[in-house]
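The following report describes the fold, the packing and selected local features of a single protein chain. It moves from the overall dimensions to individual residues.

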Amino acid sequence: MGRPGLNRRQLLAAAGGLAVAGSFGFAALGTGADALATDARTRVRYWNLFSGGDGANMIAMLDAFRKDHPDIAVKDSTLQWGSPFYTKLAMAAAGNRAPDLGVMHLGRVTGFSPGRLLDPWDVDLLAEYGVHEADFNPELWKRAVIDGKLYALPLDIHVQLCFYRKDVLKKAGLLGADGRMVPATSPEEWFGILKEAKKATKKGLQTLGFWHNDQNFQWWFFVAFYTQLGGTWFDDARTEVTFDTGKATQVLEFLRRHITDGYAHPGFGGQAGAEQFVNGSPFVWEGNWSVPVFDTAKLDYGATPLPPVFGRQATHAESHAFVLPHQAERGGAANDAAHRLAAYVVTHARQWSAGGHIPAYTPTLATDAYRKLSPQNEYVTAMDHQATEPKVWFAGSTGILAQRVGPIVVSSTMGSARPEAAARRMKGVLTELLASKNPMDGRTAAQGGAVA
C-alpha cells in the first residue's frame with residue numbers, strides 16, 4: 001500500500017513547503033545533478049523517500065549544506081515511498097552498490113539486518129560534527145541502538161494528531177481560555193466533546209475524520225490507545241507474546257464507537273476526512289505531515305496529540321532516520337562526508353519542522369523560531385509520549401506487522417468483526433509473526449538484534 005494521502009501532499013503541501021522554505025532563508029529548489037558537474041573533491045550519494053512538501057524542505061536543506069560545504073558534492077536521489085524504496089535499498093546493500101547515506105523509518109531498522117545490510121555510525125565522528133546522544137530524547141536514541149551500536153541517526157518524529165477547527169469549537173463552547181481545545185481524559189469526555197461539536201457542524205459533514213477504512217491509520221491509532229492502557233506486545237527475550245486481548249478489545253470498542261454513534265460516516269474514508277476538515281468538519285485525526293496542507297488552506301485550526309482517553313498520554317510516533325547502507329569497504333572521505341551531511345541536516349532541522357515534523361535534535365525545540373511555530377508548539381510534547389511499534393524485525397512503517405494486523409483493526413472499526421474476536425485474531429497473528437524468520441537474514445525476532 002502506498003503512503004496515505006500522498007497525492008494530496010504532492011498537490012497541496014508542496015506549495016506550503018516551498019513558501020516556508022523561503023521564509024527560513026533557504027533556497028527552495030535544488031538538484032542532485034549539480035554533484036556531477038562540480039569540482040568538489042568528495043561526492044556523497046544520498047537516497048531518500050521524500051516528496052511533496054517534505055521533498056521541498058529536504059532540497060532546501062541540502063542546498064544550504066552545499067553552500068556551506070562547497071568541497072562536498074551531494075548527489076541526492078528520491079525514490080518511491082514505501083516497500084519499493086526498502087526493496088531497492090536492500091538489493092543495493094546486498095550487491096555492494098549502496099549509496100553512502102540513506103533514510104529509513106526507524107521502526108524498519110531492526111528488520112534491515114543491521115551489521116549485514118546496514119553499517120553502524122561512528123559516534124565519535126558524529127560528535128566531531130556536533131551530534132551527541134545527550135541532545136536526543138533518550139527513548140528515541142535507544143530505539144536506534146541494536147547490539148550496543150548506533151544504526152540510525154534520528155532526524156525527527158512524526159506523530160498522529162487530533163486536528164481541530166477553532167471556529168467550529170468556539171461555536172460549540174469547546175475552546176479553553178488559552179484558545180485551545182478543551183482536554184479529554186476519558187472515553188466519555190471525548191465522546192461528550194464530539195456530541196457538542198456535532199451540534200455546531202454544518203449539515204453534510206461528519207464530526208470526525210479518522211481514516212476508518214485504512215489499515216495503516218487504524219493500526220497507528222490502535223498502537224496509540226493500546227499504549228495508553230499500558231499494553232505490551234512481547235517479553236524482553238522476544239520468545240513470548242504478552243499481547244493483552246482484554247485491553248485490545250477496549251481499544252477496538254472505542255474505535256468502533258465513532259462509527260456506531262454517528263461521528264464518523266462509513267461512506268467517508270481516506271482523504272475525505274481531511275477534505276471535510278478543510279470544508280468545516282470540526283475534527284480530523286491525521287499525521288503531522290498535514291500541517292502544510294491546512295496552512296495552505298489558511299484555516300484557523302489547532303493540533304494536539306491524540307486524546308489521552310485511557311489515562312496515559314501516548315500518541316503514535318515514527319521517525320525518519322539517517323542510515324549507512326552497507327558498503328564492503330566503507331570509510332574514507334565519502335564516509336566522513338556522509339557523517340558530516342547527516343549531522344548538518346539533523347542539527348539544522350528548523351527547516352524540517354516546517355513540514356510539521358518534530359525535530360529529533362532537542363536544542364532545536366528550545367529555539368525562539370521553533371516555539372513560535374503553530375500548531376507545532378502545541379504538540380511538541382509528543383516527543384516525550386511516543387507510542388511506537390515493538391522493536392522486532394516485522395514492525396515499522398508499512399511493514400509486515402501493519403499489513404497483517406491493520407486489516408483486522410479495520411474489520412472491527414467498520415463492524416464486520418466483533419472487537420473481542422478481532423483482538424483474538426490479532427494475538428494469533430502476533431504469535432505467528434514472532435515465530436517467523438526475517439527473509440533478510442533468516443533469523444526470528446528472538447535470534448535477531450538485541451533490544452538496547
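## Structural report

Arg165 is buried, its relative accessible area being 10%. Its salt-bridge partner is Asp167, with 2.8 Å between the closest N and O atoms. Asp167, by contrast, is partly exposed at a relative accessible area of 38%. These values, like those that follow, come from a predicted model.

### Overall dimensions

The secondary structure of the protein chain consists of 19 helices and 15 strands. Its radius of gyration is 22 Å, close to the 22 Å that the globule rule gives for 452 residues, so the chain is as compact as a globular protein of that length. The C-alpha trace spans about 65 × 50 × 35 Å along its principal axes. Of the 452 residues, 59% count as buried. Among contacts with a separation of 6 or more, 79% are between residues 24 or more positions apart.

In soluble globular proteins, nonpolar side chains tend to be buried together. Here, the largest nonpolar core has 82 residues, and Leu153 and Phe322 have the most contacts inside it. Helix H14, which covers residues 332-347, gives the most to this core, with 8 residues. Leaving aside residues up to four places away in sequence, Leu153 touches Trp121, Leu126, Val131, Phe136, Trp141, Ala321, Phe322, Ala342, Ala343 and Val346. A second core of 64 residues is separate; Leu174, Ala387, Leu430 and Leu433 are among its members.

### Helix H9

Helix H9 comprises 13 residues, 187-199. The distance from its first C-alpha to its last is 19 Å, close to the 18 Å expected at 1.5 Å a residue. Its buried residues are Trp190, Phe191, Ile193, Leu194 and Ala197. Viewed down the axis of H9, these buried residues fall within an arc of 150 degrees, so they line one face of the helix. On the face of H9 turned away from the buried side are the exposed residues Glu188 and Lys199. The cover over the buried residues of H9 includes strand S8 (156-165), helix H8 (166-172), strand S9 (208-209), helix H11 (245-260) and strand S10 (283-287).

### Salt bridges

The structure holds 13 salt bridges.

| Pair | N to O distance |
|---|---|
| Arg45 and Asp100 | 3.5 Å |
| Asp119 and Arg330 | 2.9 Å |
| Arg165 and Asp167 | 2.8 Å |

Arg45 forms its salt bridge with Asp100. Arg45 lies in strand S1 (residues 42-48) and Asp100 in the loop between helix H4 (83-94) and strand S3 (101-105), so the pair ties together parts that are 55 residues apart in sequence. Arg45 is partly exposed at a relative accessible area of 29%, whereas Asp100 is buried at 5%.

The side chains of Asp119 and Arg330 also meet in a salt bridge. Asp119 belongs to strand S4 (residues 118-119), while Arg330 is in the loop between strand S13 (320-325) and H14, so this pair ties together parts that are 211 residues apart in sequence. Asp119 counts as buried at 9% relative accessibility, and Arg330 is buried with a relative accessible area of 18%.

### Backbone features

Which two residues does a cis peptide bond join? The residues are Ser374 and Pro375, and omega is about 10 degrees. Pro375 is placed in the loop between helix H16 (368-371) and helix H17 (376-379).

Positive phi values also occur in residues other than glycine. Ser113 has a phi near 50 degrees; it is found in the loop between helix H5 (106-109) and S4. Ser113 is buried, with a relative accessible area of 2%. Arg238 has a positive phi of about 60 degrees and is located in the loop between helix H10 (215-228) and H11. At 12% relative accessibility, Arg238 counts as buried.

How values were computed:
Residues are numbered from 1 along each chain as its sequence is written. This is a predicted model: local features need pLDDT of at least 70, side-chain atom pairs count only at pLDDT 80 or more; totals for chains, interfaces and linings use all residues. Side-chain values use heavy atoms; hydrogens and water are left out. A nonpolar core is a set of buried Ala, Val, Leu, Ile, Met, Phe, Trp, Tyr and Cys residues joined through side-chain atoms within 4.5 Å. Buried means under 20% relative accessible area, exposed over 50%, partly exposed in between (1.4 Å probe, protein chains only). Helices (H or I, at least four residues) and strands (E, at least two) are DSSP runs, numbered from the N terminus. Contact means heavy atoms within 4.5 Å. The expected span of a helix is 1.5 Å times one less than its number of residues. The arc is that of the directions from the helix axis to the C-beta atoms. A salt bridge is a side-chain nitrogen of Lys or Arg within 4 Å of a carboxyl oxygen of Asp or Glu. The radius of gyration is taken over C-alpha atoms; the globule rule is 2.2 Å times the number of residues to the power 0.38.
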